[in-house]
Amino acid sequence: MTLWEDLAVLLAGVAAGTINTVVGSGTLITFPVLLAFGVPPVTANVSNTIGLVPGSLSGAIGYREELKGTAPQLLRLGTASLLGGLLGAWLLIELPGSAFDAIVPVLILLALVLVVIQPRVARAMAARTRDGEPRGIGPVLLTGVFLAGVYGGYFGAAQGVLLIALLGMLLQDPMQKLNGIKNVLAMVVNGVAAVFFVFTSEIDWLVVALIAVGSTIGGQVGAKVGRRLSPVALRCLIVAVGLVAVTRMLLT
């Protein structure tokens, strides 16, 4: 890649780190950028996943106040995320590259739908939180988090949106606390998938480094000022970039 392309990947990492911390779906920024610069799809996905791990950690640290007292929840949910992420990463490596090329456009479109309907999900979450109905971590939530981990280990775009929807519908906690838990679970999925990929996959380490630096900065930005971004503008950007990625993959 050229110097300008390197800079673009770095900035995409900043954007992805910010978006992942606030909403989720930052992969819909970085993945299309990597494809546009000629990185093969599977290599782009693997390198992107590894690069986003520091950003996930940065975002989780930024939510450390909201995460106080959540250790028992994080232990149970994190175990489900770890197992799901490991299975998803294994599927990415074991399935042929042609399967990835065929499945990912569908996953991106699913992610875009999740991004669009997220405001309605958030309103439903708020209404259920107000109704006083007690909810805890049960088999339904654990299964959902596990499946979200499989999805995240395989591709991961809008993994955060999926997690926040599950947590909000099945737990009775404030939104900011749920967002902090979401950031930790996404970090677990990305982390276990990254370790698996290091030993099994072809990795573009320059891409990893650029996205890691960018997403780390973005994680702090998202935790501190990202909540002030216009949700409508943010979702429009994500959807536009995601549609470009789908179009590119279908035409190549």
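In which helix is serine 215 found? Serine 215 lies in helix α9, which spans residues 205-224. The model is predicted: local features need pLDDT of at least 70, side-chain atom pairs count only at pLDDT 80 or more, and totals for chains, interfaces and linings use all residues. Residues are numbered from 1 along each chain as its sequence is written, and side-chain values use heavy atoms, with hydrogens and water left out.

The protein chain has ten helices and zero strands. Helices (H or I, at least four residues) and strands (E, at least two) are DSSP runs, numbered from the N terminus. The pattern along the sequence is α-α-α-α-α-α-α-α-α-α. Of the 252 residues, 52% count as buried. Buried means under 20% relative accessible area, exposed over 50%, and partly exposed in between (1.4 Å probe, protein chains only). Among contacts (heavy atoms within 4.5 Å) between residues at least 6 apart in sequence, 85% join residues at least 24 apart.

Serine 215 counts as buried because its relative accessibility is 0%. Its side chain reaches the backbone oxygen of alanine 212 at 3.3 Å. Beyond its neighbours within four places in sequence, serine 215 is in contact with Gly13, Val14, Gly17, Gly51, Leu52, Pro54 and Gly55.

Lysine 182 sits in helix α8 (residues 175-200). Lysine 182 is buried, yet has no salt bridge. A salt bridge is a side-chain nitrogen of Lys or Arg within 4 Å of a carboxyl oxygen of Asp or Glu. The nearest side chain of opposite charge belongs to glutamate 66, 12 Å away. Lys and Arg count as positive and Asp and Glu as negative; His and the chain ends are not counted. The lysine 182 side chain does make a polar contact with the side chain of asparagine 183, at 3.0 Å.

Asn20, Thr21 and Val22 of α1 meet Asn179, Lys182 and Asn183 of α8.

One salt bridge is found in the whole structure. Glutamate 65 pairs with lysine 68, their closest N and O atoms being 3.0 Å apart. Both residues, glutamate 65 and lysine 68, are exposed.

Conventions: A polar contact is a pair of N or O atoms within 3.5 Å; within protein, one must be able to donate a hydrogen and the other to accept it, and residues adjacent in sequence count only if both atoms are side-chain atoms.
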